[in-house]
Amino acid sequence: MKITVTIVVLFLFSFSIPQLKAQDHKYKEFDFWIGEWDVYKNGTDSIVGRSTIERIIEGKVIKETYYSTTSKYHGTSLNKYNPQIDQWEQFWVDNSGLTLHIKGNLESGKMILQNEVLTDKGLQLNKITWQKNDDNTVQQIWYQRSNKGEAWKEIFNGNYLKKEK
């Protein structure tokens, strides 16, 4: 009986290995964001923050550490591809008390993560996009709206420019 169970388990496990290897490329989809960055308000030469984006936990997680250069604001995110749901997830926390959990995928070269949150003021939708530009900068835009019928409002629009080494 033990041998039969072992054979069945090994047989089933052998099917999951190719599937995991097929998904390995998914863990690299957000690599364009990794680096040491100065963050500029889009369309200006005004630095609004500094961000360190690095791989941690055997390369399966991307950690962001962000500091504003114009205030005491700072925060951290953990970003990972979740093979169980075939989506990227970001968990953001900051010193203002904000916690954000957004999910999504790379679509046409743009990472798009979003959520819906029920607040005391009603439904709030968040959508954040990251896109690598031809000049090797990364543009991040955060949009919000209070219901599905309303137009998205831009909350943040920044360009990440790699620091010189």
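Start by selecting Asn 159 and its surroundings: beyond the residues up to four places away in sequence, Asn 159 touches Asp 38, Val 39, Tyr 40, Asn 42, Gly 43, Asn 133, Val 138 and Gln 139, where contact means heavy atoms within 4.5 Å. You are looking at a predicted model, in which local features need pLDDT of at least 70, side-chain atom pairs count only at pLDDT 80 or more, and totals for chains, interfaces and linings use all residues. Residues are numbered from 1 along each chain as its sequence is written, and side-chain values use heavy atoms, with hydrogens and water left out.

Stay with Asn 159 for a moment. Its relative accessibility is 18%, so Asn 159 counts as buried (under 20% relative accessible area; exposed is over 50%, partly exposed in between; 1.4 Å probe, protein chains only).

Next, select Thr 69. At 36% relative accessibility, Thr 69 is partly exposed.

Now for the rings. Select Tyr 27, Phe 30, Phe 32, Trp 33, Trp 37, Tyr 81, Trp 88, Trp 130 and Tyr 160, which form one aromatic cluster. The structure holds twelve aromatic pairs (rings of Phe, Tyr and Trp, the last by its six-membered ring, with centres within 6.5 Å; planes under 30 degrees apart are stacked, over 60 edge-to-face, the rest tilted). Zoom in on Phe 30 and Trp 33: their ring centres are 4.9 Å apart and their planes at 20 degrees, so this pair is stacked. Phe 30 is buried at 0%, and Trp 33 is buried at 0% as well.
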